[in-house]
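Here are some friendly notes to read alongside the model. Please keep the structure open as you go through the points.

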Amino acid sequence: MKITWLGHSAFLIEGRNRIAIDPFLTGNPLAATTPDKVQCDLICVTHGHSDHVGDAVSIAKKNKAKILTMVELAGILEKSGCDVTGFNIGGSVKIGETTVTMTSATHSSGADEQGFEGAAGTPAGFVIESGNTVYHAGDTGLFGDMSLIGELYPIDVALLPIGGFYTMDVVQAAKAVELLRPKMAIPMHFNTWPPIKADPAAFKSLVEKKTKTLVKILKPGESLTV
Ligand code: NI
Ligand code: MN
């Protein structure tokens with residue numbers, strides 16, 4: 001499996017299928033690519049905020065890719081004519097050779113993308129099994145049930161926000177790694193804008209002091225193969 005960080009919380013996972021997550025590229029100061037270059041079969045959107053919905057609609061249309069998201073946000077995005085499957089926390093959807101399970105996230109989720117405003121339900125994270133198992137936490141604070149996610153779905157790679165202000169900070173994200181026990185962790189959602197300035201090296205040293213998890217700090221556009 002190849003995991004490419006596209007900047008902020010946007011990733012492209014190339015496992016048994018190609019999955020884009022939170023593809024916010026237009027207007028993203030750290031975007032590693034443009035929406036027209038993203039090739040994917042599935043798009044997972046964690047919540048309604050514009051830095052996560054991003055270019056999901058245009059990428060879905062161009063690739064004829066299905067969007068997977070929370071049921072209320074699905075109702076909003078469906079109006080664009082995209083193929084959207086709305087499900088909810090605890091549910092799993094199998095598409096092709098990939099299973100996506102929706103997990104909790106402690107955050108908010110009003111859709112604020114122009115033309116797609118509305119109450120978008122609750123925010124989520126995803127466990128994506130597509131050859132390897134990846135957990136994308138979405139935007140979230142720290143919560144104790146992360147240990148249940150790690151227990152039920154042994155995680156190869158955890159994608160975790162570390163920027164603080166809107167989500168977990170470095171210290172909280174390091175605690176999240178202790179609860180999730182993934183083989184590897186990749187920090188996200190930091191340094192896009194001044195309020196979420198954070199030091200990924202501090203996250204790496206905290207995690208590797210306390211756990212056996214390896215932290216891989218990617219640059220936007222950089223990939224990790226597991
Ligand atoms: Ni958010
Ligand atoms: Mn965000």
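Does Ala56 count as buried or exposed? At 0% relative accessibility, Ala56 counts as buried (buried means under 20% relative accessible area and exposed over 50%, with partly exposed in between, using a 1.4 Å probe and protein chains only).

1. Some ground rules. This is a predicted model, in which local features need pLDDT of at least 70 and side-chain atom pairs count only at pLDDT 80 or more, while totals for chains, interfaces and linings use all residues. Residues are numbered from 1 along each chain as its sequence is written, chains are lettered from A and ligands numbered from 1 in the order in which they are written, and side-chain values use heavy atoms, with hydrogens and water left out.

2. Around Ala56. This residue belongs to helix α2 (helices, H or I, of at least four residues and strands, E, of at least two are DSSP runs numbered from the N terminus). Leaving aside residues up to four places away in sequence, Ala56 touches Pro23, Ile43, Val45 and Ile67 (contact means heavy atoms within 4.5 Å). Ala56 and Ile43 are 13 residues apart along the chain, and their C-alpha atoms are separated by 6.9 Å.

3. Helix α2 as a whole. In α2 (residues 56–63), the buried residues are Ala56, Val57, Ile59, Ala60 and Asn63. Seen down the helix axis, they fall within an arc of 165 degrees, so they line one face of α2; the arc is that of the directions from the helix axis to the C-beta atoms. The cover over these buried residues includes β4, α1, β5 (66–70) and α3 (71–77). Just after α2 comes Lys64, with a positive phi of about 50 degrees.

4. The nonpolar cores. A nonpolar core here is a set of buried Ala, Val, Leu, Ile, Met, Phe, Trp, Tyr and Cys residues joined through side-chain atoms within 4.5 Å. The largest one has 50 residues, and Phe11, Ile13, Tyr135, Leu159, Leu160 and Phe203 have the most contacts inside it. Helix α5 (residues 170–180) gives the most to this core, contributing seven residues. Another core lies apart from it, with 25 residues that include Leu25, Val45, Ala56 and Leu77. As background, nonpolar side chains tend to be buried together in soluble globular proteins.

5. The nickel site. Which residues hold the nickel ion (ligand 1)? Its protein donors are His47 (NE2), His49 (ND1), His107 (NE2) and Asp139 (OD), lying 2.2 Å from the ion. Donors are N, O and S atoms within 2.8 Å of the metal (3.2 Å for Na, K and Ca), and sites may look incomplete because water is not among the atoms. The angles among the four donor atoms run from 90 to 173 degrees, and the site is irregular. For reference, four donors count as tetrahedral if all angles lie between 85 and 135 degrees; four count as square planar and six as octahedral if opposite donors are over 155 degrees apart and all others between 65 and 115; anything else is irregular.

6. The manganese site and the bridge. Asp139 bridges the nickel ion (ligand 1) and the manganese ion (ligand 2), which lie 3.3 Å apart. His47 sits in the loop between β4 (42–44) and α1 (50–53), and Asp139 in the loop between β10 (133–136) and α4 (146–152), so the pair ties together parts that are 92 residues apart in sequence. Both His47 and Asp139 are buried, and so are Asp51 and His52.

7. Most residues other than glycine have a negative phi. Arg181, in the loop between α5 and β12 (184–188), is not a glycine either and has a positive phi of about 50 degrees.

8. The cysteines. A search of the whole structure finds zero disulfides (a disulfide is a pair of cysteine sulfur atoms within 2.5 Å). For Cys44, the nearest cysteine sulfur is that of Cys40, 9.6 Å away. The sulfur of Cys82 is 11 Å from the closest cysteine sulfur, in Cys40, which is too far for a bond.
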